Amino acid sequence: MFDDSFEAVFTHATIGIIVSDEQGRIVSSNRYARMLFGYTEDEMNDVSVDALVPDSVAGRHAQLRASFNADPQVRAMGHGRDLFAKRKDGSVFPAEISLSYFYREGAILAVGYIIDITAKKEAEQTLLEQKGRIEQLNTELEQKVVDRTHALMATLHQLEQSKDELAKALAAERELGELKSRFVSMASHEFRTPLSAVLTSASLIEKYTAADQQDKRIRHIQRIKASVNHLNDILEEFLSVGRLEEGRIEATFSWIELPTLVDEALADLQGSLKAGQQIETQFDCPHPVRTDPSLLRKILVNLLSNAIKYSSDNQTVLVRIQCRDTDLKITIQDNGIGISADDQKHLFERFFRAKNATNFAGTGLGLHIVARYLELLNGTIELTSQLGEGTTVTLFLPHENYPDH
């Protein structure tokens, strides 16, 4: 079929070469091709190329061969898809196949070049697996980076929170230290004065033994009582702050007559009035209101005590009460020493006392307690004041319609 030189090339080629006629009969094959497919030379010459294709495409192979015979071209087969060849024992292997042709005595002969690419496919699969593993590792690494970043951010956030909490704790500790210092300073002053008065009056009473000295004994007894009452007021303020801080005070609402409650508060204050002082009341609230009578009475007594304390002799303190559509408005107005604008910012803080009030007895807890009581009553407080011109305190409490009886 070939001259000697081409026969040698054909026989010893390192790829499989098969020559077939138009009917697909194999007319020649080289040694490598027979090794690939597992046939002897005689067996190979007795089979058709249809026997060398997998069963899945054997039915279409005759049509493909006819198409090639009608338009023979040198071409590679299987573009875009994998090709497989079938061995004598029925096993298949991946292959690269290209076709050529030549004519002999007017008949077309097809030449097939077959390469077993099993190793190549295994290498590709290995590369794909390695690529997939690398991608997986990259994904895991990226996720670890994200997780570590999140963990770092969370740690930083916790550190910031801890820093803020520590700063708050330090601020609270400083505030507590300041409160303790102010309390010790205030308590030492406020307790010393009435205790000194008690001690002095008790000592003097011992000297007034004669019957005609009864009026002096009474005067010092009254002084002792006033000092003890003052001490009781101080202690009550301390206890009230403690109960408020612990949440042990709660509002108990009921329907009350405001004039009656105001009269009771004024009765408690009669002994505190200075010479010529009086308290004037104006009511524009004819119906009962719903509130906590105990808390409201304590609020009124506290505010009126301040008005009396910081006002001079012969002055009037005005109490005006109005029931409006949505709230109860209580105004307490005096013409006393007044409060500076700077001091007004701190009036409701514990132990705070205005600069111009240092010569007056007091703990600096009154207005703080009033504000806390108002919170329990869902109310608010406003204060306006000018130095030397007096102070006006206004309370606003939720107002419910008078119930039907």
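This is a predicted model: local features need pLDDT of at least 70, side-chain atom pairs count only at pLDDT 80 or more; totals for chains, interfaces and linings use all residues.
Is E264 buried, exposed or partly exposed? At 36% relative accessibility, E264 counts as partly exposed.

E264 has a charged partner. Its side chain meets that of R297 in a salt bridge, at 3.3 Å from N to O. The two residues are 33 apart in the chain, so to speak of their setting: R297 belongs to helix α8, and E264 to helix α7 (residues 258-269). R297 has a relative accessibility of 28% and is partly exposed too. R297 also forms a salt bridge with D268, at 2.7 Å from N to O. Here, too, distant parts of the chain are linked: R297 sits in α8 and D268 in α7, 29 residues apart. D268 is partly exposed, because its relative accessibility of 43% lies between the 20% and 50% cut-offs.

Strand β11 covers residues 327-333, and strand β13 covers residues 390-398. They run antiparallel and are joined by 7 bridges.

Helix α8 has another packing partner, helix α10 (residues 366-376). Two packed helices are described by the angle between their axes and the distance between the axes. For α8 and α10, the angle is about 150° and the axes are 10 Å apart. The two helices are therefore roughly antiparallel to each other, since an angle over 145 degrees counts as such. The crossing of α8 past α10 is left-handed. On the α8 side, the contact is made by L295, K298, I299, N302, L303 and N306. On the α10 side, the residues are G366, L367, V370, Y373, L374 and L376.

Next, turn to the earlier part of the chain. Strands β1 (residues 16-20) and β2 (residues 26-29) run antiparallel, with 3 bridges between them. V19 has S28 as its bridge partner in β2. The two strands form a hairpin, with 5 residues between them. In the turn, G24 has a positive phi of about 90°.

Which residue meets D55 in a salt bridge? The partner is K86, at 3.0 Å from N to O. This pair links distant parts of the chain, 31 residues apart: D55 in helix α4 (residues 55-70) and K86 in strand β4 (residues 83-86). The two ends have unlike surroundings. D55 is exposed, because its relative accessible area of 61% is over the 50% cut-off. K86 is buried, because its 17% is under the 20% cut-off.

The structure holds 11 salt bridges. Among the residues involved, D82, K121 and E124 are joined into one network by salt bridges that share partners.

Note on methods: Residues are numbered from 1 along each chain as its sequence is written. Side-chain values use heavy atoms; hydrogens and water are left out. Two strands pair if DSSP finds at least two bridges between them. Helices (H or I, at least four residues) and strands (E, at least two) are DSSP runs, numbered from the N terminus. A salt bridge is a side-chain nitrogen of Lys or Arg within 4 Å of a carboxyl oxygen of Asp or Glu. Buried means under 20% relative accessible area, exposed over 50%, partly exposed in between (1.4 Å probe, protein chains only). Axes are lines fitted to C-alpha atoms, for helices over the stretch in contact, and angles run from 0 to 180 degrees between N-to-C directions. Angles under 35 degrees count as roughly parallel, over 145 as roughly antiparallel, 65 to 115 as roughly perpendicular and the rest as oblique. A crossing is left-handed if the near helix is turned anticlockwise from the far one by less than a right angle, and right-handed if clockwise. Contact means heavy atoms within 4.5 Å.
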